Amino acid sequence: MKTGEVSSVNKSWFTVKEMAVTAVMTAILCILGPWAIQIPVSPVPISLCSMGIYFVLYVLGMKLGTLSVLLYVLLGTFGLPVFTNFSGGFGKLLGPTGGYIIGYLFLAIICGFFLWRFPERFVFHILGFILGTCVLYLFGTLWLQYQLSLSFPAALMAGVIPYIPGDVVKLILAIAVATPLKKQLLKARLL
C-alpha cells in the first residue's frame with residue numbers, strides 16, 4: 001500500500017455497537033407494534049408503533065433508525081407477529097392498513113433526514129416529524145381508499161383525523177423519553 005492510501009479492507013458499514021443498538025431498537029418496535037386498540041369508526045386501530053418509530057428515530061438518527069424500521073417491516077412481512085393485533089405476513093401489507101406499514105419507511109427516511117441535516121435545531125426535528133407523519137398518513141389514506149373503495153375525504157376521516165391528537169401525544173412522549181436515553185448512549189459511546 002502506498003503512503004496516503006486508506007485501507008478499506010477492515011472498514012465495515014456498521015460497527016458491532018451500532019448493530020447491537022439497532023437490534024435492541026428493532027426489538028422495541030416489535031414489542032410495541034402489536035399492541036393496538038380497535039376503534040368503532042375505523043378499520044385502522046390505534047397502535048403504539050408510530051410512537052415506537054418516533055422514539056427509535058430520535059435515539060438512533062437517520063441511518064440506524066431507518067434500518068431499524070426497515071428490519072421491523074421485514075420481520076412482520078416475513079410472518080413474525082409484530083404488526084397490530086399480533087399479526088404478520090405479506091397479506092397484512094395487502095390489507096387496509098398496509099399503506100401505513102409501507103408509510104413507516106418514508107416516515108423514518110423523512111424524520112431521519114431532518115435529524116441528520118439539522119442536528120442541533122429542535123424546531124427542524126419537529127418539522128421533520130410532522131412532515132414524515134403527513135407522508136405516513138398519505139400512504140395510509142391512499143391505500144385505505146383503494147382497499148375499501150372510499151372517497152379520499154372518507155378515507156381521511158376513517159384513517160387520519162381521529163388519530164391526530166393521539167399521534168401528537170405519542171410524539172411528545174417519544175421525544176421526552178428518547179432525549180435522556182440518547183444522551184446516555186452517547187455518553188457511553190454506544191452511538
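Reader: Which residues of H1 are buried?

Author: The model is predicted, so local features need pLDDT of at least 70 and side-chain atom pairs count only at pLDDT 80 or more, whereas totals for chains, interfaces and linings use all residues. Residues are numbered from 1 along each chain as its sequence is written, and side-chain values use heavy atoms, with hydrogens and water left out. Helices here are DSSP runs of H or I with at least four residues, numbered from the N terminus, and buried means under 20% relative accessible area, exposed over 50%, and partly exposed in between, with a 1.4 Å probe and protein chains only. By that rule the buried residues of H1 are Glu18, Val21, Thr22, Met25, Thr26, Leu29 and Cys30.

Reader: Which helices are included in what covers the buried residues of H1?

Author: H1 spans residues 16-32, and its 17 residues reach 24 Å from the first C-alpha to the last. That is close to the 24 Å expected at 1.5 Å a residue, the expected span being 1.5 Å times one less than the number of residues. The cover of its buried residues includes helix H2 (49-77) and helix H7 (164-187).

Reader: How many residues apart in sequence are the parts that glutamate 18 and lysine 63 tie together?

Author: Side chains of opposite charge can pair when their charged atoms come close. Glutamate 18 and lysine 63 form a salt bridge (a side-chain nitrogen of Lys or Arg within 4 Å of a carboxyl oxygen of Asp or Glu), with their closest N and O atoms 4.0 Å apart. Glutamate 18 lies in helix H1 and lysine 63 in helix H2, so the pair ties together parts that are 45 residues apart in sequence.

Reader: Are lysine 170 and aspartate 167 buried or exposed?

Author: Lysine 170 forms a salt bridge with aspartate 167, and the closest N and O atoms are 3.1 Å apart. Both residues lie in helix H7, three residues apart, about one turn of the helix. An α-helix has 3.6 residues a turn, so residues three or four places apart point the same way. As for their accessibility, both lysine 170 and aspartate 167 are buried.

Reader: Which backbone oxygen does the side chain of threonine 66 reach?

Author: Threonine 66 lies in helix H2 and is buried, with a relative accessible area of 18%. Leaving aside residues up to four places away in sequence, threonine 66 touches Leu57, Gly61, Ala108 and Ile109, contact meaning heavy atoms within 4.5 Å. At 2.8 Å, its side chain reaches the backbone oxygen of methionine 62.

Reader: Which helix gives the largest share of the nonpolar patch?

Author: The nonpolar surface patch of about 520 Å² is made by Met62, Ile102, Phe106, Ile109, Phe113 and Trp116. Such patches consist of residues with over 30% relative accessible area and no salt bridge, where nonpolar side chains (Val, Leu, Ile, Met, Phe, Trp, Tyr) are joined within 5 Å and like charges within 9 Å. The largest share, five residues, comes from helix H4 (residues 98-117).

Reader: What is the relative accessible area of serine 149?

Author: Most residues other than glycine have a negative phi. Serine 149, however, has a positive phi near 50° and is found in the loop between helix H5 (122-148) and helix H6 (152-159). Serine 149 is exposed, and its relative accessible area is 68%.

Conventions:
Helices (H or I, at least four residues) and strands (E, at least two) are DSSP runs, numbered from the N terminus. Accessible areas come from the Shrake-Rupley method with a 1.4 Å probe; for residues, only the protein chains shown count as cover. A polar contact is a pair of N or O atoms within 3.5 Å; within protein, one must be able to donate a hydrogen and the other to accept it, and residues adjacent in sequence count only if both atoms are side-chain atoms.
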